[in-house]
Amino acid sequence: MEDLWCVAGTIFQLWMFVVVFFIMLPAMFGLSLGVTGVYIRILVKILEWATIRIQRGRQEQPSVPVPLHTGIIERAGGSMEEQMWQLRCSWPPAAGEFCLSDAVYFCKKGLESIVDDQVTQRFSSEELASWNLLTRTNQNFYYISLRLTIIWGLGVFVRYCILFPLSAKNWLSELVHLTCYRICARGLSATIHYHNIENRPQKGGICVANHTTPIDVVILANDGCYAMVGQIHGGLMGVIQRSMVRSCPHVWFERSEMKDRHTVTSRLRDHVGAKTKLPILIFPEGTCVNNTSVMMFKKGSFEIGGTIYPVAIKYDPRFGDAFWNSSKYNMVSYLLRMMTSWAIVVNVWYLPPMTIQVGEDAAQFANRVKAAIAHQGGLLDLAWDGGLKRGKVKDSFKEEQQKMYSNIITGQNGIGPPKNM
């Protein structure tokens with residue numbers, strides 16, 4: 001029994017040595033030992049080998065099912081006018097007249113939305129073309145080869161017995177913000193590539209970014225300190241928020257209280273007016289999106305005034321799913337998934353600062369910033385409101401489509417071929 005306690009004590013001392021000398025001290029001084037980079041390169045080689053071995057195994061074992069592609073519908077491009085012009089080519093009516101073939105366009109769009117709409121699929125995990133040795137991309141395990149099974153077993157041991165214990169560092173919260181966030185990033189095996197660092201958000205400004213996960217805060221604060229703005233949560237997230245506000249003037253509010261939102265806007269204006277305060281970090285989408293798209297930015301963030309510093313965040317899905325599906329996982333379950341994934345590999349682009357232009361309203365300014373973030377991050381630029389995840393489509397969206405079609409019928413908008421034809 002004494003020998004067992006000696007072995008356990010030795011393992012604990014070794015673990016503490018690794019945490020202190022390879023995580024804490026480098027994080028305190030902003031140094032990198034290059035261990036994470038080597039780990040990522042090795043992991044890429046292993047995943048590439050596993051993919052090739054799985055493909056060969058499917059050829060040798062036809063009984064192993066092939067994963068289905070996530071794309072169900074191949075959508076036609078072009079505007080409403082262009083697609084209706086193609087439908088009317090065989091029997092063109094007189095200008096401004098109704099054509100029965102117009103109903104085909106609306107039936108087609110309706111079926112596309114029912115079968116594979118562009119909103120719902122943004123709130124489920126992005127599926128990969130190949131298995132990354134995590135359960136998310138291969139729910140049912142099929143034996144293919146002994147070596148692949150051994151690699152998978154070693155992966156489970158590494159993620160749960162090595163990476164997960166190194167991630168549990170809540171007791172370091174008393175350290176300064178920057179050190180804490182760097183430690184958290186190392187604990188999550190995060191490899192962060194920052195681009196255009198000369199455009200970092202400055203004091204007295206507003207940093208806006210696309211939103212995938214609460215870890216976005218860790219990713220951005222790993223390179224600088226911010227004053228956070230967001231919704232009050234319960235559970236573990238609420239405990240973290242209350243702890244954070246004690247050391248920094250963060251702004252938390254209830255979205256359902258309009259009066260409180262006006263108070264928040266006033267406080268944010270005061271914050272921006274003081275050029276010596278930390279830049280405000282805001283996620284204008286208001287909800288987490290699965291990192292394939294950027295959804296509608298709430299214009300309230302762009303009515304405050306001041307300089308906007310756009311930031312594009314793009315996660316590499318090969319090493320783990322960073323998207324937080326709040327309707328499916330609570331914060332504890334989500335953090336457990338993150339701590340037991342292979343790694344978090346993310347690219348962060350600091351875009352040039354932007355200000356509202358003459359004659360531009362807040363909504364137009366928000367769309368311009370959103371388009372720049374989507375273009376830089378290689379994300380789809382969608383006009384849909386992320387709030388549709390929990391609510392109904394606004395009547396204004398329906399009225400806009402009806403108005404477009406009525407303009408076609410009355411001849412105000414001419415129907416013509418696509419520009420590339």
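Helices here are DSSP runs of H or I with at least four residues, strands are runs of E with at least two, and both are numbered from the N terminus. You are looking at a predicted model, in which local features need pLDDT of at least 70 and side-chain atom pairs count only at pLDDT 80 or more, while totals for chains, interfaces and linings use all residues. Residues are numbered from 1 along each chain as its sequence is written, and side-chain values use heavy atoms, with hydrogens and water left out.

Now color by accessibility. Of the 421 residues in the protein chain, 41% are buried (under 20% relative accessible area; exposed is over 50%, partly exposed in between, with a 1.4 Å probe and protein chains only). Among contacts (heavy atoms within 4.5 Å) between residues at least 6 apart in sequence, 75% join residues at least 24 apart.

Next, select Leu 25 in helix α1, residues 2-28. Leu 25 is partly exposed, because its relative accessible area is 32%.

Then show helix α3 (residues 80-88) and helix α12 (residues 395-409), whose axes come within 11 Å and cross at roughly 50°. That angle makes α3 oblique to α12. Angles under 35 degrees count as roughly parallel, over 145 as roughly antiparallel, 65 to 115 as roughly perpendicular and the rest as oblique. The axes are lines fitted to C-alpha atoms over the stretch in contact, with angles from 0 to 180 degrees between N-to-C directions.

On the α3 side, pick Met 80, Glu 81, Met 84 and Arg 88; they meet Gln 401, Met 404, Tyr 405, Ile 408 and Ile 409 of α12. By class, this contact has six nonpolar, one polar and two charged residues (Ala, Val, Leu, Ile, Met, Phe, Trp, Tyr, Cys and Pro are nonpolar; Asp, Glu, Lys and Arg charged; the others, Gly among them, polar).

Last stop: the loop between β5 (280-282) and β6 (293-294), where you will find Asn 290. Asn 290 is buried at 5% relative accessible area. Thr 292 lies in this loop too and counts as buried at 17%. The side chains of Asn 290 and Thr 292 make a polar contact of 2.7 Å. Thr 292 also joins Ser 293, side chain to side chain, through a polar contact of 3.3 Å. A polar contact is a pair of N or O atoms within 3.5 Å; within protein, one must be able to donate a hydrogen and the other to accept it, and residues adjacent in sequence count only if both atoms are side-chain atoms.
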